[in-house]
Amino acid sequence: MAMLTILFFARIREQLGVDQLSLPLSSATMTIDDLLQQLVTTNEPYWAEVLLADNVVKAVNQQVVKTGHVLSDDDEVAFFPPVTGG
């Protein structure tokens, strides 16, 4: 079965209380947006508030992507707050 590794970092990890999940890739055309919808509908309501915030950064295999990015088997998907620097 095709699987995804989902990672949560920093404040997002703290808010959700989880650092990693493994989920099946539900279709050959599953996007980041589809994954987000799956995560928020199958977990507690506060997941939507945390993961659907405008400033959450999404990365696949350590490359920042847009929500329309199509996922593949064995992809590593990461969600993290915006990085600020000075």
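This is a short talk on the fold of one chain and on a few of its residues.

The model is predicted, so to speak of local features we need pLDDT of at least 70, side-chain atom pairs count only at pLDDT 80 or more, and totals for chains, interfaces and linings use all residues. Residues are numbered from 1 along each chain as its sequence is written, and side-chain values use heavy atoms, with hydrogens and water left out.

I start with the overall layout. The chain has three helices and five strands; these are DSSP runs numbered from the N terminus, helices being H or I of at least four residues and strands E of at least two. In sequence order the pattern is β-α-β-α-α-β-β-β. The radius of gyration is 12 Å, close to the 12 Å from the globule rule for 86 residues, so the chain is as compact as a globular protein of that length. That radius is taken over C-alpha atoms, and the rule is 2.2 Å times the number of residues to the power 0.38. Along the principal axes, the C-alpha atoms fill a box of roughly 40 × 30 × 20 Å.

Next, the strands. Two strands pair if DSSP finds at least two bridges between them. Strand S1, residues 3-8, runs antiparallel to S2 and is joined to it by five bridges. S1 also pairs with strand S5, residues 76-80, in the parallel sense over four bridges.

Now the loop between strand S2 (20-24) and helix H2 (32-42), where Ala 28 is placed. Thr 31 is in that loop between S2 and H2 as well. Which of these counts as buried, and which as exposed? Ala 28 counts as exposed, at 71% relative accessibility, while Thr 31 counts as buried, at 14%. The cut-offs are under 20% relative accessible area for buried and over 50% for exposed, with partly exposed in between (1.4 Å probe, protein chains only).

What do they touch? Contact means heavy atoms within 4.5 Å. Leaving aside neighbours within four places in sequence, Ala 28 is in contact with Val 70 and Leu 71. On the same terms, Thr 31 touches Thr 67, Gly 68, His 69, Val 70 and Leu 71. Ala 28 and Leu 71 are 43 residues apart in sequence, yet their C-alpha atoms are 7.6 Å apart in space.

Last, for the chain as a whole, 37% of the 86 residues count as buried.
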